[in-house]
Amino acid sequence: MKRNTSLFTLLYLSVSTLVIGQELSFAPDVVFGNRSLTYKHLIKYSINPKLSVDNLTLFDTEYGNDLNNLYFIRNTISYALTKNIRANTAIGIKNPGAFGTMSLSFTTQSHQFNFTYSAGSTYQDGFSFEQSIVASYLPSFGNDHQGYIDLLATGNINANGYARGLQQLKIGVRKKQLTTGLAINLDQFNNARKTLTNTGIFLKYNF
């Protein structure tokens, strides 16, 4: 019941952000893989040039088996300390339950390239040090077409070692708001004693 209440609260906050936002971006992303179907979206609302909120949601559903289903819902408040550095605080739910995170992130971007590195502390049944890298490269070619290379990599380290890792790589073509191509998702748990792999095609649309 407690978990259901927390999940409802987070979903309510996500929908509220979507409804009240004026300067809003929404980017749903679906991977049709060999092992599972993965849905991910990022909803971001800029309150002003320094303050923003976002919701990142991911569900990974294995075909015909619920044993390895993954979920991740995170709501973040971010404040710009400088042009490139932001302070972030977040709450969310992921396997196996609720978590909270405080971090600093560094971002650099140009017309074709975006890079963000984040580092901080996450609490979920104990503290862990969490790092993440998000990088994307969109070279232009032809009329209204861009190449698309996108990398997401995260890792949590606690007193027992490498608790959780995730890498996602997408390579494809973008035309206006729609991006399609090939994707690979890699997951590691408990010092990589358990690993999951999912490869397939993806569709992403930027509203």
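A residue is called buried when its relative accessible area is under 20%, exposed when it is over 50%, and partly exposed in between, with a 1.4 Å probe and protein chains only. By that rule Phe207 is exposed, with a relative accessible area of 59%. This is a predicted model, in which local features need pLDDT of at least 70 and side-chain atom pairs count only at pLDDT 80 or more, while totals for chains, interfaces and linings use all residues. Residues are numbered from 1 along each chain as its sequence is written, and side-chain values use heavy atoms, with hydrogens and water left out.

Start with the overall layout. The protein has one helix and twelve strands; here helices (H or I, at least four residues) and strands (E, at least two) are DSSP runs, numbered from the N terminus. Read from the N terminus, the order of the elements is α-β-β-β-β-β-β-β-β-β-β-β-β. Of the 207 residues in the protein, 37% are buried. A contact means heavy atoms within 4.5 Å. Among contacts between residues at least 6 apart in sequence, 38% join residues at least 24 apart.

Next come the aromatic rings. A pair of aromatic rings is described by the distance of the centres and the angle of the planes. Rings of Phe, Tyr and Trp (its six-membered ring) pair if their centres lie within 6.5 Å; planes under 30 degrees apart count as stacked, over 60 as edge-to-face and the rest as tilted. The structure holds five such aromatic pairs. In one of them, Phe26 and Phe207 have ring centres 5.5 Å apart and planes at 15°, so the pair is stacked. This pair links distant parts of the chain, since Phe26 is in strand S1 (residues 24–33) and Phe207 is in the segment after strand S12 (194–205), 181 residues apart. Phe26 has a relative accessible area of 23% and is therefore partly exposed. Together with Tyr205, Phe26 and Phe207 form one aromatic cluster.

Rings can also have a charge above them. A charge sits over a ring if NZ of Lys or CZ of Arg is within 6 Å of the ring centre and within 35 degrees of the ring normal. Lys94 lies over the face of Phe99, at 5.0 Å from the ring centre. The charged end of Lys170 is placed over the ring of Phe202, 5.9 Å from its centre.

Asp29 is in strand S1, and its relative accessibility is 5%, so Asp29 counts as buried. Leaving aside neighbours within four places in sequence, Asp29 is in contact with Thr38, Tyr39, Lys40, Lys170, Phe202, Leu203 and Lys204.

Several of these residues return at a cavity. On a 1 Å grid over the protein atoms alone, a cavity is a set of points where a 1.4 Å probe fits but cannot get out, and a pocket is an open set with protein on both sides within 12 Å along at least five of seven lines; lining residues have an atom within 4 Å of a point. Grid points are joined across faces, edges and corners, and a volume is the space filled by probe spheres set on the points. The largest cavity holds about 30 Å³ of space. Its lining is made of Asp29, Val31, Thr38, Lys40, Leu58, Gln168, Lys170 and Asn185.

The second largest pocket has a volume of about 510 Å³. Its lining has 27 residues, of which Pro96, Gln124, Ala163, Arg164 and Asn190 lie nearest the centre. S10 gives the most to this lining, with four residues.

The peptide bond from Asn95 to Pro96 is cis, with omega near 10°, and Pro96 is in the loop between strand S5 (85–94) and strand S6 (97–109). Asn190, in the loop between S11 and S12, has a phi near 50°, a positive value in a residue other than glycine. Asn190 counts as partly exposed because its relative accessibility is 46%. Lys176 is in the loop between S10 and S11 and has a positive phi of about 55° although it is not a glycine. At 56% relative accessibility, Lys176 counts as exposed.
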